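Trainee: Could you take me through one part of this model slowly? I'd like to look at charged side chains that pair up.

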Amino acid sequence: MRFVPTLTLRKKVALLVAVGLLLGVGVFSFLSIQAVNQSTDAMLQERLTITLLIADYADEVLGHALEELEHYSRLIGSNGLEDEIEQQMNALEDTYSRMSISTLGIFLLDQEGGVVWSKPDYPELADVNMSSYPSISQSLESGEACISGLVSAPVTGTPAVFLTSAAREDNQGTRGMLVVAIDLVQSSISGFIQPIELGVTGYVEIVDQNGVVIARTEPGHELAPFEKSDHPDRFAALINAGEPTVGTCHTCHEAEQQVERRDVLAFAPLSSAPWGVVIRQAEEEALAPTRELRQRLLYSGVGLLAVALIIVVIITRDVVGRIRILTTASQRIAEGDLTSAVAPLGKDEIGTLGQTLDDMRTKLKVSYNDLEQRTKELSSLLTVSEILTSTPDLANILDDVVAKAVEVTLGADGGALVLRSADEGKLALHSVTGLNVECPSEITMTSDAEVSLLVVSGPADELTKAEARNICVAFLQLPEVRAEAQSAVCSPIVHKGQCIGSLIMVSHRDSGAFSESDLRLLQAIADYVGIAIERARLAEEAEEARALREADRIKSQFISSVSHELRTPLTSIKGYSSSLLRQDVSWNEETKREFIQTIDEKADELRDLIDKLLQMARLEAGALEPQKEPLLIPRLAQKVVEEMASRAKKHEFVLEFAPSLPVVEADVLHLEQVLCNLVENAVKYSPEGGRIVIRGEVKKDRIVVSVSDEGEGISPEDQDKVFERFYRVDSPLTRGTPGSGLGLSIAKGHVEAHGGEIWLESTVGKGTTFYFTLPLDGMESGEQESGQETGNGKEDFDSIGG
C-alpha cells in the first residue's frame, strides 16, 4: 500500500468508499452465490435420491424374481420328467404373477442353447438356438444367473427381458438353462415408476447397458420398441462404472447432435441387472426456484448498494466539494495559470492545504518565466538530438535541423547552413529555411567585407569565430539575403578542431531580434550539427572499409575454393597422363584403358565444376531465365529417384505426394537439378543408409516439396550458411565426402528464379529436411482447389529400396 500516501484526499476518500462498497458487494455476492449453489445442490440431491429409491426398488424386485427362478431351476434339475417340468413352470408363472411380473414365455434349454421345452409351445422353436442372445450365451458359459437388457423375444419379436438360470443336469451330466422372458412395461417395476410426477417436464427412464429404453413415464414421449436413448454411450459408460451421478445432460451430446432442450439429469445404476434409472427434467423448470432466489438476491443487493451510495454521497459531499475546489486550483497552476488565487476553504486541514497551495502559486509565479525559457531550450535541444539520430541520411537531417533551429529561435525569420567546399575559396549552401535562396548552390568567399548587423556566438577561440564570421558574411552578401536581412547571428560548426561551416539565423524585423538565450541555443545546435557531420563521415569510412574487407574475403574464399576443387581432378589427370607418357614403362591395354577412363572421369568432374561456376555466375547476374512449361512434380521426383537408386544401394527412397497434386509452370531442367542436388546431398550425408523421403503438398497458393533424410543433421550455427557459395559444414563426414559447396547455392538460385523459397529444418543426430516452394499463379482455380482439398493427405506413390 505504498501508493496510498501519494494520493490526494479526494482520491483517498473515493478509494475508501470504493473499497468499502466492493467489500460489501463481494461478501453479499459470495453469500448469495453460496445460497444459490446450496439450493441447486439440494434440488440435484433430491433428484438423485429419488433415482436411487427407484433403483433400489427395481433391484429388490429383480433380485426376488431371480431368486424364484433359481429356486425352480433347482427343482427342475432334480426332477426331469416332462409333467413335473410343466407343473413347476406353471408354479413359477403363478409366482411371477403374484409379484406383478408379466411373463411372455418360459424356455428350457439344453447345453447348446436349443429349446427342449417352452411355454407357450411354439413349433417354430424347434430350430431356434437361443445361445445367440448374449445373456444366455454368458450364462451357458459361466453357469451363473443373469438378467439381460431389452431383447426381441423369439418367434413373436416382442420387446422382452430375459432372466436366465442354470436348470438341470441330464443323465450325461450336461447342463441346461431355464429362461423366462418378461414384459417389463406390464410389470410392477413400470407400475412403480408411472405415478412419479416431476413437474410438467420431468419423467423417469430405465435403460439397459446398450442405451435402449426399457420403460418410460409420462410426460416423456411414447416409448417405441427398442428405442435408444439420446445418450446411449454415456449411459453405457455410467452403467459400467456403477456409480450414481447427477448434472446437466446437454454437455454430453455429440457435436453433430441438435440439442432440443437443456435437461437436469440424475442417474443410478442397478446392482442386479446391467440397467440404469434416469430421472430427467427440463433445466428451466428444475432450476426455476433457484433462479427466482438468485433474482431476489440480485434485487436486494442492488437496493442495498443504492442505499449505501446515497449515504456515502451525503456524508462525503462537503469534503469532496472542497477537494474539487483544490483540484481545480491545482489544475490551473499545472496549466500555467499563476494569476488566479486559491479561494479560502476554512480553518481545518483542507483550508490549511488551500493556503499552502496559494503560497506555492505565488512563488512559482516569480520563477516561472526563467524556468520556462530553460525548459524551452532543453526541449529544443532534445528535439534536435532526436532529429540527428533519426536517420542516417545526412542531407535530410541537416534540412530538418535548420528548420527546427528557425522554429525555436524567437527572433529568426530564416536560416541557413553553409559548409566549406572541397574547392578552395568556395562554400556549399546545404540547407535553407525561410529565405528565397536557391539551394543547394555554391558561394564564393568574400574578403574584407564588413557587415555591422552580424553577431558571432559560442565559446570558440577568436580564429574559429573569425572563420565562421567570414563564412556568414559571404552568405549575407547574396543579393536575395542582403535585400531583406536586418540582423543576423551565426555559430561556428567545428570538426576536428577546424571550422568547417556556419549555422546562420537571419531576421527581417530589427537589429536587436536575437537574445542571449537565442545565441546560447544556436551554439548548442551548431555543436550537435558538427557531431552529426563527424559521425556521418566516420560511418561512411567504416562502411567503405567493411565493403573492402568483405570483397577481399569473398575473393580469397573464391580463389581458395576454386583452386582446391580444380587441383584435385587436375592432379589425377596429370598423374595418369604422365604415367601413360613414360617411355620406360610398357602398359597393357587394360591398364591403359583404366588410366584413360580415370582421366575421362576427372575431366567430367572439371567440366561439371566449371558448369556450376558459370551457372552460379549467370544466376547472380540474373541472366538465367527459367523456360517454363507444364510439369508434374511427382513424375520428375520419380525420375530423379530412379537415377539415384542404382548408386545408393543402402538407402530406401519413398515418394509421398498428394494424389491430385496440380500441374505447375516451371523449367523442367532447373527443377530436376534442384531435386538432384537435394537428393544427392541426402545420400552423401547419410552414409549409413536409411529412408530418404520426397514429399509434396499444396498449401494455399503454392506447392511445398521437401526432401528428408536420416543422416547426422546440421548444427544450428551452420544452418544459415549452407546456401552460401562454397560453404561446407566442417565435420569428419564432410571432410571425407567430395563436393564443391555450390549445389545448394544453385538450388536456391533456381527456386528463387521461379518465385519460390527454400529453407531447411534439421536436428543433429536425427536428420535434415530441405523444403522449397513453387507458386501456383499460373494454374486454373479449379485445379488449385482440387490440390488444396488433398494437400493435407499423404499417399505413398512409390517406395524404392537400394
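Predicted model: local features only at pLDDT ≥ 70, side-chain atom pairs only at ≥ 80, totals over all residues.

Is R695 buried, partly exposed or exposed, and what is its relative accessible area?

Mentor: R695 is partly exposed, with a relative accessible area of 25%. That value falls in the band between the cut-offs, since buried means under 20% and exposed means over 50%. Now look at its partner: R695 makes a salt bridge with E656, and their closest N and O atoms sit 2.8 Å apart. The two come from distant parts of the chain, with E656 in strand β18 (residues 651-657) and R695 in strand β20 (residues 690-699), 39 residues apart. E656 has a relative accessibility of 11%, so this residue counts as buried. In general, side chains of opposite charge can pair when their charged atoms come close.

Let's set that beside another pair. R47 and E46 also join their side chains in a salt bridge, at 3.6 Å from N to O. Here R47 is the buried one, at 10% relative accessible area, while E46 is partly exposed at 42%. Then there's D337 with R332, whose side chains meet at 3.9 Å, N to O. D337 comes out as partly exposed at 25%, and R332 is partly exposed at 25% too.

Pairs can also be chained together: salt bridges with shared partners tie E205, R216, E227, D230, D263 and R280 into one network. Count the salt bridges in the model and you get 18.

Notes. Residues numbered from 1 in each chain as written. Heavy atoms only, no water. Salt bridge = Lys/Arg side-chain N within 4 Å of Asp/Glu carboxyl O. Buried < 20%, exposed > 50% of the residue type's maximum accessible area, 1.4 Å probe, protein only. Helix = DSSP H or I, 4+ residues; strand = E, 2+ residues; numbered from the N terminus.
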